Amino acid sequence: MSKIQAAITAVNGYVPDYVLTNAELETIVDTSDEWITSRTGIKERRILKGEGLGTSDMAVHAVNGLLKKRGIDAKEIELIIFCTTTPDFTFPATANVLADKVGATNAWGYDLQAACSGFIFGLSTGASFIESGRHKKVLVVGGDKMSSIINYEDRTTCIIFGDGCGCALLEPNEEGLGIQDSILRTDGSGRDFLGMKAGGSVKPATHETIDAREHFAHQEGPTVFKFAVTNMADVAAEIMERNSLTADDVAWLVPHQANKRIIDATANRMGVTTDKVMINIERYGNTTNGTIPLCLWEWESKLKKGDNIVLAAFGGGFTWGSVYLKWAYDTV
């Protein structure tokens, strides 16, 4: 009997209509298009506008599109892993809210919180359910409404983040395609440099925490950059070495879209040329859990069955990792 592997069989994405440009940010905080572009590579980002709209609402668009492309009913989904830093609520899980909204009445699910590394953590986790034979259709969603936790008076964070959501369907494969390997890492000492200071059980919401703006994302840029540029690049190179892959063997690098300089450093460490790197940071900024699935969605038509693809990410807290997969289908 052939070994069962978990393959991505469909991807889809969604970004809101509203475009927040660098020019508009110049009217909000003390910054400039040149400063933002030279340091991050970002020109614009999307923002979800509308009363009562949350991360699950973007996911509905992405998931319904995926189901239509794959030609399946929502009731066929058995598990939803929703990777997000901005859930609709602390509880219930956004995965459960999404299941209700799309009619996935036979699915169970949960939220996975690993900051910007969440989607690759979710892929690796979802693959285990496929490989074990427990499930045949696992939906991994990565999305964030980062505008809900960004202080637009803080130029160190508001220039970086945007809103968006992507998703991937995992199904069994016996052709040797799909997820081949993953390396996942965490270091909790990073919590002081990239995270949210209040709102959890250690420091619940009070008038004082709200007045101190401690419910927004906090980042110490230089420290985070140094850690990310090294570890994201190293783990991508490590997964290549572990699987005897050369730069010529890699068809695509799909990096987390946090900073153009970090993306370039990762590609250089792998020896991969820029024409093999998926980059959309200039249009969407950092959508946190949404970056990698949004790239796969936008590049889907260029992917070929059997392509070797390396995913790499770094997130707050700190989290980082890499996934190596073989693409499982051609797009007609």
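Me: Where is the place of Cys-116?
Reply: This is a predicted model, by the way. Cys-116 sits in the loop between β5 and α5, with α5 covering 118-131.

Me: Is Cys-116 buried or exposed?
Reply: Cys-116 counts as buried, because its relative accessibility is 11% and the cut-off for buried is under 20%.

Me: Which residues does Cys-116 touch, leaving out those up to four places away in sequence?
Reply: With those left out, Cys-116 touches His-256, Asn-286, Thr-288, Ala-313, Phe-314, Gly-315 and Gly-316.

Me: What does UniProt list for "active site"?
Reply: The UniProt entry, which is unreviewed, lists Cys-116, His-256 and Asn-286 under that name. They're spread over 171 residues of sequence, yet they cluster in space, with a largest C-alpha distance of 8.7 Å.

Me: OK, and where is His-256 found?
Reply: Look at the loop between β11 (252-255) and α9 (260-270) for His-256. At 1% relative accessibility, His-256 counts as buried. Setting aside neighbours within four places in sequence, its contacts include Cys-116, Asn-286, Met-232 and Phe-314.

Me: Switching topic. What is the order of strands in the open sheet of five?
Reply: Going across, the order is β1-β7-β6-β4-β5, and the pairing is mixed. β1 (5-14) and β5 (108-112) are at the edges with a single partner strand each, so one side of each has no neighbour in the sheet. On average, neighbouring strands in this sheet are turned by 20 degrees against each other, ignoring direction.

Me: How many bridges do β6 and β7 pair over?
Reply: Eight bridges, in the antiparallel sense. β6 is residues 138-145 and β7 is residues 163-173. If you want a spot to look at, Gly-143 stands opposite Cys-165 in β7.

Me: Which strands does helix α3 lie across?
Reply: Helix α3 (residues 55-70) lies across β1, β4 (79-83), β6 and β7, and runs at about 120 degrees to β1. There's also helix α11 (residues 291-299), which lies across β1, β6 and β7 at about 85 degrees to β1.

Me: Zooming out, what does the domain assignment of the chain give?
Reply: The assignment gives domain 1 as 5-176 and domain 2 as 180-327. Their contact takes 50 residues from domain 1 and 46 residues from domain 2. The C-alpha centres of the two domains lie 14 Å apart.

Me: What do domain 1 and domain 2 bury between them?
Reply: About 3,700 Å², with 60% of it on carbon and sulfur atoms. Cys-116 turns up here again: with Ile-120 and Phe-121 it supplies 17% of the area that domain 1 buries against domain 2, more than any other three residues.

Me: One more. Where is the place of Ile-281?
Reply: Ile-281 is in helix α10, residues 281-284. At 0% relative accessibility, Ile-281 counts as buried.

Me: And what separates the C-alpha atoms of Ile-281 and Lys-43?
Reply: A distance of 8.0 Å, although the two are 238 residues apart along the chain. Not counting residues up to four places away in sequence, Ile-281 touches Thr-40, Gly-41, Ile-42 and Glu-44, and also Gln-257, Ala-258, Asn-259 and Lys-260.

Key
Residues are numbered from 1 along each chain as its sequence is written. This is a predicted model: local features need pLDDT of at least 70, side-chain atom pairs count only at pLDDT 80 or more; totals for chains, interfaces and linings use all residues. Side-chain values use heavy atoms; hydrogens and water are left out. Two strands pair if DSSP finds at least two bridges between them. Helices (H or I, at least four residues) and strands (E, at least two) are DSSP runs, numbered from the N terminus. Axes are lines fitted to C-alpha atoms, for helices over the stretch in contact, and angles run from 0 to 180 degrees between N-to-C directions. Contact means heavy atoms within 4.5 Å. UniProt positions are given in the numbering used here, feature names are shortened, and annotations may be inferred rather than shown by experiment. Buried means under 20% relative accessible area, exposed over 50%, partly exposed in between (1.4 Å probe, protein chains only). Domain bounds come from an automatic or database domain assignment. Buried area is the accessible area (1.4 Å probe) that two parts lose on being put together, summed over both.
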